[in-house]
Amino acid sequence: SVAAAGNVTQSGALAVSGTTTVTAGANNITLDKAANNFTGAVSLTGNNVTLTAANALTLGAISAPGSLTLTAGGIINALNSTVSTALFDLKGGTWSQVNGPLPSFSATDFRLSGGSFLRALSGDGTSVSPLQITDVYGLQGIGSSAVLLGNHYKLANSIDAVGTSSWNPAAGYNIGFEPIGS
């Protein structure tokens, strides 16, 4: 565990077995070395949080009101991770949150710059057991990879997409919700 009164950065790759907890209060956490290896759950509290891992990643509690940027070389297990941030950016890895109840997730600006994003209440993606999408983040994630596009889906409830107008800013304007499969 690390508790800091200032920004948290790293000078070399981290290899951590067991749980990782970093608390920086209103300061930033930047753990962005490509060779980082975390074998246990990673819990982070900071304003702007950047986390990179060479392999799979298990997220614990995440508090990042400014931004949360994630890159992993494998599955990002987020089954119990509540996310509330101004900017969520998945740059690499396979975000996986399936089987409800789902933890809360909110982002003013939601970007899938790389990797794939799966967030569903239940299902396995087959025609017999379609993935049940319950929010706009899971809906946007359908288009994040060819594999996800090939699955079967079902809406579990009505989805409000009003907040997506601020997503994916580019060239001075917000693109918003990107069409699935574009």
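Which backbone nitrogen lies 3.4 Å from a polar atom of the side chain of Gln10? The backbone nitrogen of Lys33 does. The model described here is predicted.

Gln10 sits in the loop between strand 1 (2-3) and strand 2 (15-16). With a relative accessible area of 12%, Gln10 falls under the 20% limit and is therefore buried.

When neighbours within four places in sequence are left aside, the residues in contact with Gln10 are Thr30, Leu31, Asp32, Lys33 and Asn36. Gly181 is 171 residues from Gln10 in sequence, and their C-alpha atoms are 37 Å apart in space.

The peptide bond leading from Gly100 to Pro101 is cis, and its omega is near 0 degrees.

Asn99 belongs to the loop between strand 10 and strand 11. Its phi is near 95 degrees, which is positive in a residue other than glycine. Asn99 has a relative accessible area of 51%, over the 50% limit, so Asn99 counts as exposed.

## Asn168

Another positive phi, about 55 degrees, is found at Asn168, which is not a glycine. Asn168 is placed in the loop between strand 14 (153-155) and strand 15 (169-170).

Is Asn168 buried or exposed? Its relative accessibility is 9%, so Asn168 counts as buried.

Note on methods. Residues are numbered from 1 along each chain as its sequence is written. This is a predicted model: local features need pLDDT of at least 70, side-chain atom pairs count only at pLDDT 80 or more; totals for chains, interfaces and linings use all residues. Side-chain values use heavy atoms; hydrogens and water are left out. Helices (H or I, at least four residues) and strands (E, at least two) are DSSP runs, numbered from the N terminus. Buried means under 20% relative accessible area, exposed over 50%, partly exposed in between (1.4 Å probe, protein chains only). Contact means heavy atoms within 4.5 Å. A polar contact is a pair of N or O atoms within 3.5 Å; within protein, one must be able to donate a hydrogen and the other to accept it, and residues adjacent in sequence count only if both atoms are side-chain atoms.
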